[in-house]
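Student: I've just opened a new structure and could use a quick tour. Can we go through it together?

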Amino acid sequence: MSNFAVVMWKELFRFNKTDRSWHLPIVAGACVGIPLLIGLLINDIEAGKLASLGALIILYIQSNKLVNRMVILMVCGFGFILSFSFGLIFVFNLWLTPVFLGLYTFGVHYALDR
């Protein structure tokens, strides 16, 4: 293997220090797993997958203030809704979809990286 591949493997399996609470991975797992389990139980796994995607918003909570958490959840929720809506609008054309996806991700990255 080349030196680059060795470095990449070391970086992939390296443990980093984090300032997040210890219980956040457990809460995130429950927020993603419970909608999937409910979707499985009601025999609608597609709705369960969609709900578990929305439940990933819990990963963006970092603040201790309730108002900040509510604003973050609202913005992330609207971001997911907007992304899902654009995906539904542009899924009809096989050639237009990748172009729009590239433009959309470029726009989101440009807006958030400023």
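Predicted model: local features only at pLDDT ≥ 70, side-chain atom pairs only at ≥ 80, totals over all residues.

Student: OK, which residues form the nonpolar patch on the surface here?

Tutor: I34, L36, L37, I38, L40, L41, I42 and I45. Together they have about 780 Å² of accessible area.

Student: Which helix gives the most to it?

Tutor: Helix α2, residues 24-41, with six residues.

Student: And where is I42 found?

Tutor: I42 sits in the loop between α2 and α3. Helix α3 covers 45-54.

Student: Is I42 buried or exposed?

Tutor: Exposed, because its relative accessibility is 57% and the cut-off for exposed is over 50%.

Student: What about N43, where is that one?

Tutor: N43 is also placed in the loop between α2 and α3. Its phi is near 65 degrees. That is a positive value in a residue other than glycine. N43 counts as exposed, with 72% relative accessibility.

Student: Let's move on to S52. Where is it found?

Tutor: In helix α3.

Student: Buried or exposed?

Tutor: S52 counts as buried, because its relative accessibility is 8%. Buried means under 20%.

Student: What does the side chain of S52 reach?

Tutor: The backbone oxygen of K49, at 2.8 Å.

Student: And which residues is S52 in contact with, leaving aside neighbours within four places in sequence?

Tutor: V32, P35 and L36. L36 belongs to the nonpolar patch as well.

Student: You mentioned K49. Which residue does K49 form a salt bridge with?

Tutor: E46. The closest N and O atoms are 3.4 Å apart. K49 and E46 are three residues apart in helix α3, so about one helical turn separates them. K49 is partly exposed at 43% relative accessibility. E46 is exposed, with a relative accessible area of 53%.

Student: How many salt bridges does the structure hold?

Tutor: Two. R14 forms one with E11, and there the closest N and O atoms are 2.8 Å apart. R14 is partly exposed at 46%. E11 counts as partly exposed too, at 42%.

Student: New topic: how many aromatic pairs does a search of the whole structure find?

Tutor: Six. One of them is F86 with F100. Their ring centres are 5.5 Å apart and their planes are at 80 degrees, so the pair is edge-to-face.

Student: Which helices hold F86 and F100?

Tutor: F86 is in helix α4, residues 66-89. F100 is in helix α5, residues 96-112.

Student: How do the rings of F100 and Y104 pair?

Tutor: Their centres are 5.9 Å apart and their planes are at 20 degrees, so that pair is stacked. F100 and Y104 are four residues apart in helix α5, so about one helical turn separates them. Y104 is buried, as is F100.

Student: Which residues do ring pairs link into a cluster?

Tutor: F86, F90, F100 and Y104.

Terms used. Residues numbered from 1 in each chain as written. Heavy atoms only, no water. Patch = residues over 30% accessible without salt bridge, like charges linked within 9 Å, V, L, I, M, F, W, Y side chains within 5 Å. Areas by Shrake-Rupley, 256 points an atom, 1.4 Å probe, with all protein chains shown as cover. Salt bridge = Lys/Arg side-chain N within 4 Å of Asp/Glu carboxyl O. Helix = DSSP H or I, 4+ residues; strand = E, 2+ residues; numbered from the N terminus. Buried < 20%, exposed > 50% of the residue type's maximum accessible area, 1.4 Å probe, protein only. Polar contact = N/O pair within 3.5 Å; in protein donor to acceptor, adjacent residues only side chain to side chain. Contact = heavy atoms within 4.5 Å. Phe/Tyr/Trp six-rings, centres within 6.5 Å; stacked < 30°, edge-to-face > 60°.
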